[in-house]
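Work through the exercises below with the sequence and the model side by side. Try each task before reading its solution.

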Amino acid sequence: MKNIITISREFGAGGGTIGKAVAERLGYYYCDKDIIVRAAVESGNLTPEEIRYFDEIVPREFGFGQSLFDFYNKPLDQRLYNAQKEAIRKVAEKGNCVIVGRNANIILKEYDRSLHVFISATEHFRVKRIAERMPDLPEDKVIERVHAVDKARQKYCKHYTDTIFGNADYYDLTLKSSLFGLENCIDIICNAAKL
């Protein structure tokens with residue numbers, strides 16, 4: 001049985017919804033961005049304002065001139081990534097968890113009994129889901145938002161993990177929610193976790 005499940009997802013593909021339902025069905029702890037960020041704040045190394053400002057932003061300057069051993073002089077976003085990475089590892093060490101986002105699949109790639117999942121969907125499906133949640137936003141703005149979030153996730157993943165966001169090589173299971181539907185994705189993940 002897999003007792004650590006990570007879910008990466010395209011924006012609007014339903015990965016968070018799927019992750020919550022998988023956690024509920026398996027009786028696992030659910031961990032998403034908010035919980036990870038809260039744990040990073042509780043570590044005492046960052047303030048909530050610093051985290052909100054730098055979350056998922058790739059630095060313009062990489063800080064090569066700084067000592068790699070001087071944590072407090074590193075660019076803030078590197079400090080944030082390291083704090084989140086530590087929070088993810090602490091959750092994983094307890095097991096029986098579903099972790100959504102934050103490159104957890106790469107951070108936990110060496111962990112036994114883990115299942116790394118990627119959820120994608122057609123653009124039409126994703127735009128429709130986001131538009132339902134933001135009914136006052138014109139469709140062209142929803143499309144713009146979907147593209148912007150996907151691009152930010154791709155850059156963030158490449159910068160911090162030197163991997164390609166959504167590339168099947170980095171996942172055990174990839175599912176298209178627009179084809180299978182959210183409920184079937186939940187079933188497939190739960191069944192895969194039992195292997």
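The model is predicted: local features need pLDDT of at least 70, side-chain atom pairs count only at pLDDT 80 or more, and totals for chains, interfaces and linings use all residues. Residues are numbered from 1 along each chain as its sequence is written, and side-chain values use heavy atoms, with hydrogens and water left out. Helices (H or I, at least four residues) and strands (E, at least two) are DSSP runs, numbered from the N terminus.

**Exercise 1. Give the strand order of the open sheet and identify its edge strands.**

Step 1. Two strands pair if DSSP finds at least two bridges between them. The 5 strands come in the order β2-β3-β1-β4-β5, with parallel pairing.

Step 2. β2 (29–31) and β5 each pair on one side only, and these are the edge strands.

Step 3. On average, neighbouring strands are turned by 20° against each other, direction ignored; axes are lines fitted to C-alpha atoms, for helices over the stretch in contact, and angles run from 0 to 180 degrees between N-to-C directions.

**Exercise 2. Describe the pairing and burial of β4.**

Step 1. β4 is joined to β1 by 6 bridges and to β5 by 4 bridges.

Step 2. V117 in β4 has I7 opposite. Towards β5, F118 stands opposite T174, and I119 stands opposite L175.

Step 3. Buried means under 20% relative accessible area, exposed over 50%, partly exposed in between (1.4 Å probe, protein chains only). S114, H116, F118 and S120 are buried on one side of β4, and L115, V117 and I119 on the other.

Step 4. Because 7 of the 7 residues of β4 are buried, the strand is largely enclosed by the rest of the structure.

**Exercise 3. Check the length of α9 and locate its buried face.**

Step 1. The expected span is 1.5 Å times one less than the number of residues.

Step 2. The buried residues of α9 are C185, I186, I189, C190, A192 and A193. They fall within an arc of 160° (directions from the helix axis to the C-beta atoms), so they line one face of the helix.

Step 3. Contact means heavy atoms within 4.5 Å. The cover over these residues includes β1 (4–9), β4 (114–120) and α8 (177–180).
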